[in-house]
Amino acid sequence: DDPVAVARCCRRRGDIAVLEGRISRGKGWYTRSLRALGDHAGDGVEFERVRARLGRSAALHVANDNRAAISAAQVALAEAEATGDRDAITEALMLLVTAAAMLGEPDGGPHGAHALAVMREAGDDLRLANTLLNLGVAEHNANRLASALDRYEEAAAAFDRIGDVVGLALVTHNRGEVLADLGRTDEARTACTDALREFRACGAPLGAALAESALGRLAVFGGDPEGGIALLESAVATFEAAGHEWYTADTRCRIAERHIIFGDVDVAAAALAEAERLASHVDPPGILPTWLERLRGLLAWQIGRAHV
C-alpha cells in the first residue's frame with residue numbers, strides 16, 4: 001500500500017474524531033498516520049508527517065494536555081521550517097502560542113511576538129483571531145485587564161474581517177467578563193447579553209452557557225440572586241452534559257459565591273465542596289486554585305459573622 005495514502009486516510013479520520021469530541025480516538029489515528037509513514041521519504045511524505053504531528057498537537061491541546069501539545073508542535077515546527085511549508089509553520093506557531101497561553105504565559109511564550117508577526121504578514125486572519133483570543137484569556141487570568149481588552153479588540157477585528165460570527169460573539173463575551181472585573185457592570189451586562197443572543201442565533205450551546213454564567217454572576221452582584229442562580233444552574237447543566245470539567249468547576253465556584261454573598265453558609269459550604277471536588281480533576285487547573293482560595297476566605301468570614 002502507498003504509505004502516503006494510508007497516512008492521509010488515518011490523519012483525516014483523526015481530524016473527524018477530534019471534531020466529534022473523541023479526542024483519544026483522534027490521537028490514536030494521528031499516531032497510526034505517523035507509523036504508516038515510518039522512515040519513508042519522497043513526494044507527499046513530509047507534508048503528511050507534519051500535518052499528523054500538528055493534528056496530534058491540536059488534539060492534546062483540546063484535551064488540556066498543553067505541555068505535550070507544545071512538545072508535538074515544536075517537532076512539527078522544525079519539520080515545517082526544514083521544508084519551507086509556510087502554512088504548517090503558521091499552524092505550529094499558533095499551537096505553540098495558544099498552549100503556552102493556557103499554561104499561564106500571557107505573552108504566549110517564546111514564540112508569541114514572532115507568531116503574531118507571521119500571521120499579520122500572511123494576512124492569516126483566522127489563526128490571528130484565534131491566537132489573540134487565547135492571549136486575551138491569558139492576559140485576563142494574569143489580571144492584566146487593559147492588555148486583555150487590547151487583545152480582544154484586535155481579535156474582534158480579525159474575526160469580523162473573515163465573517164466569523166461565533167468567534168466575534170466569543171470575544172464579546174470575554175470582553176464582558178473583563179469589564180465586569182473592572183467594575184463596569186452596565187457595559188459588561190450589555191456585552192454578555194449581546195453575546196448570548198448571537199450564540200443562540202448560531203446554535204452554539206456552549207457559547208450560550210458561557211454567557212449565561214457571566215450574566216448569572218452579574219445578576220447576583222446586581223441584587224437578583226434567584227435570577228442569577230437560575231442562569232448559573234442552566235450553564236452548569238450544559239457544561240456537564242458536554243463533559244467540560246473546567247467550565248463546570250468554574251461555574252460551580254460562581255454558585256458557591258452567590259450563596260456566600262447572601263449568607264447561606266451551609267448551602268455555600270456544600271457548593272464549595274463540590275466545586276473543589278470538580279477542580280481536583282482538572283489539569284492544568286488555571287485560575288481555579290486562586291478562585292477557590294478566595295471563596296474559602298469569604299466563607300470563613302461569613303461563618304464568623306454568623307456566630308457574632
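Colleague: What should I know before reading the model?

Modeller: The model is predicted, so local features need pLDDT of at least 70, side-chain atom pairs count only at pLDDT 80 or more, and totals for chains, interfaces and linings use all residues. Residues are numbered from 1 along each chain as its sequence is written, and side-chain values use heavy atoms, with hydrogens and water left out.

Colleague: Which residues have the most contacts inside the largest nonpolar core?

Modeller: First the idea. A nonpolar core is a set of buried Ala, Val, Leu, Ile, Met, Phe, Trp, Tyr and Cys residues joined through side-chain atoms within 4.5 Å. Buried means under 20% relative accessible area, exposed means over 50%, and partly exposed lies in between (1.4 Å probe, protein chains only). Here the largest core has 54 residues, and Leu-54, Val-171 and Phe-199 have the most contacts inside it. Helix α5 (residues 86-102) gives the most to this core, with 11 residues. Helices are DSSP runs of H or I, at least four residues, numbered from the N terminus. A second, separate core has 20 residues, including Ala-275 and Leu-295.

Colleague: What is Phe-199 in contact with?

Modeller: Contact means heavy atoms within 4.5 Å. Leaving aside neighbours within four places in sequence, Phe-199 touches Val-166, Ala-169, Leu-170, His-173, Ala-204, Gly-207, Ala-208 and Ala-211.

Colleague: How many salt bridges does the structure hold?

Modeller: Side chains of opposite charge can pair when their charged atoms come close. The cut-off is a side-chain nitrogen of Lys or Arg within 4 Å of a carboxyl oxygen of Asp or Glu. The structure holds 32 salt bridges. Take Glu-48 and Arg-11, whose side chains meet at 2.7 Å, N to O. Glu-48 lies in helix α3 (residues 45-62) and Arg-11 in helix α1 (residues 3-19), so the pair ties together parts that are 37 residues apart in sequence.

Colleague: Are Glu-48 and Arg-11 buried or exposed?

Modeller: Glu-48 is buried, at 1% relative accessibility. Arg-11 is buried too, with a relative accessible area of 11%.

Colleague: Which parts of the chain does the pair of Glu-257 and Arg-294 link?

Modeller: Those side chains form a salt bridge at 3.2 Å, N to O. Glu-257 sits in helix α13 (residues 245-261) and Arg-294 in helix α15 (residues 288-306), 37 residues apart. Glu-257 counts as buried because its relative accessibility is 2%. Arg-294 is partly exposed, at 40%.

Colleague: Which residues are linked in a network of salt bridges?

Modeller: Arg-51, Asp-85, Asp-87, Glu-91, Asp-124 and Arg-127 are linked in one.

Colleague: What does Arg-151 contact?

Modeller: Arg-151 is found in helix α8 (residues 145-162). At 16% relative accessibility, Arg-151 is buried. Beyond neighbours within four places in sequence, its contacts include Asp-107, Leu-132 and Glu-139.

Colleague: Which residues make the nonpolar surface patch?

Modeller: Patches take residues with over 30% relative accessible area and no salt bridge; like charges are joined within 9 Å, nonpolar side chains (Val, Leu, Ile, Met, Phe, Trp, Tyr) within 5 Å. Areas come from the Shrake-Rupley method with a 1.4 Å probe; for residues, only the protein chains shown count as cover. Phe-221, Ile-261 and Phe-262 make a patch of about 280 Å². Phe-221 belongs to helix α11 (residues 205-221).

Colleague: Where does Asn-143 lie?

Modeller: Asn-143 is in the loop between α7 (125-141) and α8. Its phi is near 65 degrees, a positive value in a residue other than glycine. Asn-143 is exposed, at 60% relative accessibility.

Key
Helix = DSSP H or I, 4+ residues; strand = E, 2+ residues; numbered from the N terminus.
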